Amino acid sequence: MNVAKHSRGYRTLGLVLIAHCLKIAGRAAYEIFGVKSGRCDVLHSPVDGVTSTEVVARVVQAAERRAGITATYLNGWTLVQVERDAEFSRLLGTFDLCFADGIGVVHSMWLTRFRRITKVTANDFFGLLFQEAANRGLKLAFIGAEEGVTQTVALQMQQSFPGLEITFCSTGYLNREQESNVLDQLKGFDPHIVLVGRGQPLQERWVQQCRSFLPKTSFLCVGGLFDYISGRVEPTPTWIRRIGFEWLHRVLNHPHYWYMYALGIPLLFWYILKFQFTRVVQAVLD
C-alpha cells in the first residue's frame with residue numbers, strides 16, 4: 001500500500017517537474033522564435049514590431065481622435081541609407097511608427113538581435129485602411145507618383161469603398177514652391193489622414209515639416225503604393241512575397257530597382273557584420 005502511494009507520489013512529482021521544464025522551454029523558445037511587439041533598434045534604425053492590423057488601427061484611431069501620428073516603413077535599402085546618413089536615423093526616430101516593410105529588415109533583426117518581427121507592407125493593408133476610413137467618415141489626401149496617378153487611384157478606391165472621402169490629390173514630384181502650395185491646400189482641406197508616396201528619405205523629411213502646420217493630421221508614408229494600386233507597377237504574387245522573394249520579382253520585372261538590391265544586399269550584409277563585430281569588441285573591452 002505504502003509502496004503504491006510512494007509510486008503515485010513520484011509519478012506526480014515527475015509530471016510536475018516535466019510541466020515546469022516544458023514551461024521554461026516554452027518561454028525560451030518564445031524569446032528566441034516568438035514575434036515580439038514594441039519598438040526596438042535594427043542596426044541604427046528604429047522599428048516597431050506590429051502587424052498590418054495594428055498599423056491600420058493606430059493610424060485610424062489617431063486620425064479619429066485628431067491626435068496626429070506619423071508612420072513610415074523600413075526596408076533593406078532604408079537600413080543601408082540610415083547607415084550612411086546619421087540625420088536620416090534621427091529623423092526616423094521622430095516618427096511614431098516605423099514598420100518592417102521588407103524581408104531584409106526581418107532578417108537583419110534576427111541576425112543582430114535574435115528577435116522576430118512581422119513583415120508589414122501597405123500593399124497588403126491599404127484595403128483595410130480605406131474601408132475603416134470609409135466606415136468612420138475620415139477624410140483622406142493622396143500625395144505621390146507622377147501627375148494624374150493619385151487622381152486615378154482615388155477614383156478606383158472610391159468605387160471599391162463606397163463612402164470613402166478623398167479630398168485632395170497631388171503628384172509627388174514637387175519643387176519647394178509647389179510643396180508650399182500643397183501644404184497650404186492641405187491646411188484648407190484639413191484631412192484626417194494623408195498618404196505620402198515620395199520615396200525615402202524625401203517623404204519623411206517633408207512629413208515632419210508638415211507636422212508642425214497640421215498637428216491634428218495623421219501622415220502615412222507609402223513609397224510606391226500609388227503606382228502599385230494603379231497598375232503602373234506589376235504586383236508581386238502573394239506566394240512569392242510569402243517565401244521572401246519579392247525583391248527578386250521586382251528586379252526581374254522592374255530593372256530600375258536593380259541598384260537597391262545589387263548594391264543594397266551586399267552593403268546590408270556588410271553593415272550587419274560590422275555591427276556584430278563592434279558589439280563583440282565592446283563586450284570584450286567592457
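Helix crossing and ring cluster

Analyst: Helix 4 passes helix 9 in a left-handed crossing (near helix turned anticlockwise from the far one by less than a right angle; clockwise is right-handed). Helices (H or I, at least four residues) and strands (E, at least two) are DSSP runs, numbered from the N terminus. This is a predicted model: local features need pLDDT of at least 70, side-chain atom pairs 80 or more, while totals for chains, interfaces and linings use all residues. Residues count from 1 along each chain as written, and side-chain values use heavy atoms, without hydrogens or water.

At the crossing, Phe88, Leu91 and Leu92 of helix 4 meet Glu204, Arg205 and Gln208 of helix 9 (heavy atoms within 4.5 Å).

Now the rings. The whole structure holds eight aromatic pairs (centres within 6.5 Å; planes under 30 degrees apart are stacked, over 60 edge-to-face, the rest tilted). Take Phe130 and Phe142. Their centres lie 5.7 Å apart with planes at 40 degrees, so this pair is tilted. Phe130 sits in helix 6 (residues 122-136) and Phe142 in strand 5 (residues 139-144), 12 residues away. Both are buried (under 20% relative accessible area; exposed is over 50%, partly exposed in between; 1.4 Å probe, protein chains only).

Phe130 also pairs with Phe161, edge-to-face, at 6.1 Å and 70 degrees. Phe161 is in the loop between helix 7 (149-160) and strand 6 (165-170), so the pair ties together parts 31 residues apart in sequence. Phe161 is buried as well.

The links go further. Ring pairs join Phe126, Phe130, Phe142, Phe161, Phe226 and Tyr228 into a cluster.

Methods
Phe/Tyr/Trp six-rings, centres within 6.5 Å; stacked < 30°, edge-to-face > 60°.
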